[in-house]
Amino acid sequence: MALSGYGAFLNTMRSNHAVAPTPDALRPSTWRRALREYRALARDRALLLALIVATLFVLIAVTYPLGATLAEAASPEGIRVLSDVLRRPVYHRIILNTLVMGLTTAAIGTAVGFLFAYVRVKVAAPNWIKQLIHLTALVPVVSPPFAVAIAIIVLFGRSGFITHSLLGLRTDIYGLPGLTMAMVLSFFTVAYLNLAALMEGLDPALDEAAANIGANQWHIFRTVTLPLLLPGIVGSFLLLFVEALADLGNPLVLGGNYTVLATRLYLAIVGEYDITTGAVLSIILLVPSVLLYFVQLRLVARASVVTITGKPSGRAQRVRDRRVVIPLVGAALAITLLIVLIYLTILAGAFTISLGANNAFTLRNFEYVLLGYGAEAMLDTTGMSVIATLIAGLLSMVIAFLVVRGKFTGRNALDLGTMLGIAVPGTIFGIGYLLAFNSPTALFGIPLIPKLTGGAAVLGGALAIVMVYVIRSTPAGLRSGVAALQQIDPAIEEASVSIGADQATTFRRITLPLVRPALLTAMIYAFARSMTTVSAILFLTTPQTRIMTQQILNETEAGRFGNAFAYVVVLIAIVLIAIGILFALIGGRSGAAREVIPATSTRATLP
Amino acid sequence: MTQAHALALEGVTKVFETPEGRLVTAADNVSLTIGQGEFVTLLGPSGCGKTTTLRLIAGFEFPTSGRILLDGKDIAHTPPNKREMAMVFQSYALFPHLTVFENIAYGLRLRRKPPAEIERAVREMLALVNLVGLEQRRPAALSGGQQQRVALARAMVIQPKVLLFDEPLSNLDAKLRVSLRAEIRQLQKRLGITSVYVTHDQAEAMSLSDRVVVMNAGRVEQVSAPEELYVRPATRFVADFIGRANFLPVHVAHIEDGCAAVQFRGHALRAPAHPSVATGPATLMLRPEVIRLYPYEGGKTRFVGRVRATTYLGHTVEYEVESDGDVLSVTDPEAVWGHIFAEGESVGWDFAAERAYILSH
Ligand SMILES: Nc1ncnc2c1ncn2[C@@H]1O[C@H](COP(=O)(O)OP(=O)(O)O)[C@@H](O)[C@H]1O
Ligand SMILES: [Mg+2]
């Protein structure tokens, strides 16, 4: 009795403190607050475990290799290389090349994306045309990045099917023009998806209001549509710029003498075994990429806030003026046709001995891929992608849950750290993994991480490759998970907890079923991305682990286009089958189908 | 009926830090005890800390200081799922992917009850909340009132030690609110579950509760039975929040048996007073319907004034009367059937002192 009285007395003392708060006396120091938050969080074991796993994932798989690259670049040797790079004209040339390529690709790619989006959303055109351009624009999502590049060589190269056989020209497709074409056709999809989503979100009432006060279509476009879309356009431009900078596959196949940072970097590692130069070039590539990536995330997010304001009212005004419709639809159809032609070439090339030179039908290419040398690569790649898909799918939902629902200091850091997995060009992760994991990692003499890359690596390097697959695909899943969770009333989860479920049970039985469409999106994206990724894993493959995309590159460099095409066809088929399976397993009756394409503002294409 | 449980808050304070770094004391030294099977309502304007207090009890927030006792055991830092309470939310918060049956069965399945028992308990609940026949529907196919009944059943079926409600009727239309609140009260009495209910609607609080806790700016202003609250408010804030009130300055001469002898405008009165009242200046609280108006008869009435505004409302008439520099609100339902004073008319006014109440400030 006396004791409880004393307790009550103490409590009164403490709360008297709060009655007249002197803010600074009451304000807990930041670290004490953080500690309290973690203690509160640790009350639920599963939540604590999830946080630990997510944090370790970001620390080990994302930041540690990046840190290793930074450390290498900042070493005395690295500084020497850097001053060398900054001085020598050959590097000036490379940097200039990279910038020109990036700007050209970004400008043309955004324009094409805008054209496709505008025709699909804002122009009065037959529905089949809209469907056709939509589906065509999505094809690059499921195909390896340089499939387009190889087809361009076959179609437009020195002995190209169109340029030589049909027109009798001897063109040189290698270099900037061919490269830009390949990159635009590989990357414009993101711009298209971003801008189409924004245009659909434009409030039709705006159009109507403008039309009511007598503005003509062009005036509406210039004064209403364009300003509202501007952040989205700029965002897409930046994203494409970053993509182009990061891309390795296309420049390797089509670059010729036009050297860019990514190819120089590749050469430094693979040709000269000079990892320091690789690290220095990585940093030069890294800084603008990461900065611009996060700027564009902001821009696109802001644009959708501006445009999507509650329920659209009124009916959208479609552009009907023939002088506008015909050129726009014509241009979009021409590009669509080009893409169709490219993929038909791939398909045809897979079934011929040597497209252009010897057009005889053959199944030998597929024999090679399916039954011969390629079978192992196919199985390895698919197996690792499946594992990565399962991990990335679950991990992205768990991190999304922590980021949206968690109340702890550092959840923004967790979000940011996860996003680095895609904001940083893949090649840099390749180098980072080599630097970080080529020898076992120990802390204070305690072995922590075994050797993951190179000869005698754990599981023949498969672990490192799966890690890279996961870090590259988790960011997109995170964004769609965050978007989905923000739509769900937190009271639903609280209701579950309040009647006795712990966080883990609530997550499994309530949250996960509710974010199923986002999970499906995340997994489809993860699988497609893992199967088609190139730049991040080129340095990580070992003789024991063969990767399809690397095989495609090898076959291309050896001039065996038939095999390369057969690989591409098989790869696309595997991705499509996997999407079908995922739909059957997770899609269910929910509205999942609407959200298949990776959420806006994540990289939907593949470096 | 199972054993009911008692809840107590002792000096509970919750300080939030806003994202901008501002400190907000959402619950400020809140102390109250809730008896076994009692229905207590937290009532107050928006932002006064009702939800925060409820969430502290539920365990979704943890107090900055103070203790929360369930049957004498401090549970202030027990996770919410271990407190054996259940919460009913304003937004219903049903599990949209589960049927009505599975929503209600959720808590029982968590507790691994045998299927036959689950079936029996859920059916019983369905009958209690009048939802028989809807068990296979999804929440989206139900009306708001039906959804909230499912939520109620889902919370009650686990026989929680304490039932918590956060404005459960605010999303419903007025008629439904009245009928559902009667249902809630009936069910709670029948099952005898200790309940804490949050609302900003005084009619809801009055009609549902054994006792009402009036909160203001994070603090408890008064804890009383509904009947007490209107006639004996503890503070000006409560008097003003529960209905309307006129406040007039008086001087307390002395206090005796809970009544104060006061001087008001030269007249000596004896009126009931709040225990905190001491001799010296104080406040006279008059409800608008306590004041009677009379035709002006020069010097015959105790107080005089002039009608500034007259509002005819059908069931009653409202006046604004200016008197000695004060503006009084007066309502007179009788006026509907008799004489209605016109604006600008001089009137006499009076009140029965036993219907007045003296507040300390
Ligand atoms: N999580 C929080 N962070 C910061 N401030 C909060 C938080 N929750 C509530 N508050 C603040 O605490 C005060 C009380 O809020 P609340 O308990 O929701 O009031 P009520 O339910 O009575 O309307 C408000 O000023 C509100 O802004
Ligand atoms: Mg509230």
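Biologist: Is the crossing in which α25(A) passes α26(A) left-handed or right-handed?
Modeller: This is a predicted model, where local features need pLDDT of at least 70, side-chain atom pairs count only at pLDDT 80 or more, and totals for chains, interfaces and linings use all residues. Residues are numbered from 1 along each chain as written, chains are lettered from A and ligands numbered from 1 in written order, and side-chain values use heavy atoms, without hydrogens and water. Left-handed means the near helix is turned anticlockwise from the far one by less than a right angle; clockwise is right-handed. For α25(A) and α26(A), the crossing is left-handed.

Biologist: At what angle do the axes of α25 and α26 of chain A cross?
Modeller: Helices are DSSP runs (H or I, at least four residues). Here they span residues 548–557 and 561–587. Axes are lines fitted to C-alpha atoms over the stretch in contact, with angles from 0 to 180 degrees between N-to-C directions. They come within 8 Å and cross at roughly 160 degrees.

Biologist: How is α25(A) oriented relative to α26(A), roughly parallel or roughly antiparallel?
Modeller: Under 35 degrees is roughly parallel, over 145 roughly antiparallel. The crossing angle therefore makes the pair roughly antiparallel.

Biologist: Which residues of α25(A) make the contact?
Modeller: Contact means heavy atoms within 4.5 Å. On α26(A), the partners include F561(A), Y567(A) and I574(A). On α25(A), they are M548(A), T549(A), Q551(A), I552(A), E555(A) and T556(A).

Biologist: What percentage of chain B is buried?
Modeller: Chain B has 361 residues, with eight helices and 20 strands. Buried means under 20% relative accessible area (1.4 Å probe, protein chains only). The buried share is 54%.

How values were computed:
Helix = DSSP H or I, 4+ residues; strand = E, 2+ residues; numbered from the N terminus. Parallel < 35°, antiparallel > 145°, perpendicular 65-115°, else oblique. Buried < 20%, exposed > 50% of the residue type's maximum accessible area, 1.4 Å probe, protein only.
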